[in-house]
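Trainee: I'd like to go through this one by asking what each label rests on. Hold every term against its cut-offs for me, please.

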Amino acid sequence: MNANKKVAATDLIFNPDGSVYHLHLHKVDISQNVILVGDPERVNLIAELLDEVNFIRQNREFRSAQGSYNQKEFTIISTGIGIGNVDIVLNEIDALINFDEEGFISENLRSLNIVRIGTSGAIREEIAPGTVLLNSCAIGLDNLLQYYMPAFSESERELHQKLKHISPIDSGYYVAEGSSEIAKIFRPDYLEGISVVAPGFYGPQNRQLRLSPRFMVSDLFHSLSGISHKGLNITNLEMEASAVMGLSKLLGHKAISLDLILANRITHEFKASYADDMKALCYNVLKRLSENQI
């Protein structure tokens, strides 16, 4: 968008109190460090770990909190499940900080540090439930970024080419790399890999209930797990990371995704009780982000 052109009132919608339409947040509510989660209850979990909480607020599936930990300010937002909700959250938090009060793009654009904390299923036999994966790159099987104008890096194009022969991802997919600056502060703690992001939980992730997926589970998982890129394996399936990293990159923000593995799709193991593991992961994200300058 041209910086001198005022955004249309139907493109960037505000509520009567001046908050942005879906999130019900104001500019002052967006901290430099943003943590995105799927489950609204996880916002409360992280808020309980903060030294001080400024607010907890909710509209629809979007629950938000802001507070401080170790003298650093954090905003935590739940996206709900799926790519479409991430599109809403990323665009609205960016609009809050990078448009002025009259609807023009600000002269001094802000860049946020964004960490997604989610759950996922592994597609490699050796990754046990309870493992935390650092996903510094994601393959989006959705078509979200096709609606924007992504400028893919040489590395992203290289991985894109490696996937061309695999169905059902032989068209409409994209590759999104995350922030190396944020990734490096979590590399000592977690296994690093590449996530595959599906536009649904059942058929798109080759789960079979009454409807059978078009593609055989074993064939797809075997093909994906056999691909590596820059020393990283394709490790897991989930539903948000590609949008988080892809949109963040386009908007000039730094983002990565951390996934607690609940299931192994090869061995069929499932971790039903994971509250302590999730709490430990959330605590470490706050600790690492508060200790490091990014």
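Mentor: Start with residue classes: Ala, Val, Leu, Ile, Met, Phe, Trp, Tyr, Cys and Pro count as nonpolar, Asp, Glu, Lys and Arg as charged, and the others, Gly among them, as polar. Also, this is a predicted model, with pLDDT of at least 70 needed for local features and 80 or more for side-chain atom pairs, while totals for chains, interfaces and linings use all residues. Residues are numbered from 1 along each chain as its sequence is written, and side-chain values use heavy atoms, with hydrogens and water left out.

Trainee: What makes something a pocket and not a cavity?

Mentor: Everything runs on a 1 Å grid over the protein atoms alone: in a cavity a 1.4 Å probe fits but cannot get out, whereas a pocket is an open set of points with protein on both sides within 12 Å along at least five of seven lines. Lining residues have an atom within 4 Å of a point. Points are joined across faces, edges and corners, and the volume is the space filled by probe spheres set on them. The second largest pocket comes out at about 520 Å³.

Trainee: Which residues lie nearest the centre of the second largest pocket?

Mentor: Ile81, Thr119, Ser120, Phe201 and Leu262, out of 23 lining residues. The elements giving two or more residues to that lining are α1 (40-49), β5 (113-122), β10 (232-238) and β11 (254-264), and β5 gives the most, with 5. Element names are DSSP runs numbered from the N terminus (helices H or I, at least four residues; strands E, at least two).

Trainee: How does the lining of the second largest pocket divide by class?

Mentor: Into 9 nonpolar, 7 polar and 7 charged residues. For the largest pocket, the lining has 16 nonpolar, 3 polar and 4 charged.

Trainee: What is the volume of the largest pocket?

Mentor: About 730 Å³. Its 23 lining residues include Asn91, Asp94, Phe99, Tyr148 and Leu251, the closest to its centre. α2 (83-98) and α6 are the elements that give two or more residues, with α2 providing the largest share, 7 residues.

Trainee: Why is helix α6 called mostly covered?

Mentor: In α6 (residues 241-251), 8 of the 11 residues are buried. Buried means under 20% relative accessible area, exposed is over 50%, and partly exposed is in between (1.4 Å probe, protein chains only). The buried ones are Ala241, Ser242, Ala243, Val244, Met245, Gly246, Leu247 and Ser248. After α6 comes Gly252, with a positive phi near 90°.

Trainee: Why is the contact of Asp29 and Arg57 called a salt bridge?

Mentor: The rule asks for a side-chain nitrogen of Lys or Arg within 4 Å of a carboxyl oxygen of Asp or Glu. Asp29 and Arg57 meet at 2.9 Å, N to O, so by that cut-off the pair qualifies. Asp29 is in the segment before β1 (33-37) and Arg57 in β2 (52-59), so the pair ties together parts 28 residues apart in sequence. Asp29 has 6% relative accessibility, so Asp29 counts as buried, whereas Arg57, at 28%, is partly exposed.

Trainee: How many salt bridges does a search of the whole structure find?

Mentor: It finds 14. Among them is Arg116 with Glu240, where the closest N and O atoms are 2.7 Å apart. Arg116 lies in β5 and Glu240 in the loop between β10 and α6, so that pair ties together parts 124 residues apart in sequence. Arg116 and Glu240 are both buried, and a network of salt bridges links Arg116, Glu238, Glu240 and Asp259.

Trainee: Why does Gln71 count as exposed?

Mentor: Gln71 has 81% relative accessibility, and the exposed class is over 50%. Gln71 is in the loop between β3 (62-69) and β4 (72-78), with a positive phi near 70° despite being a residue other than glycine.
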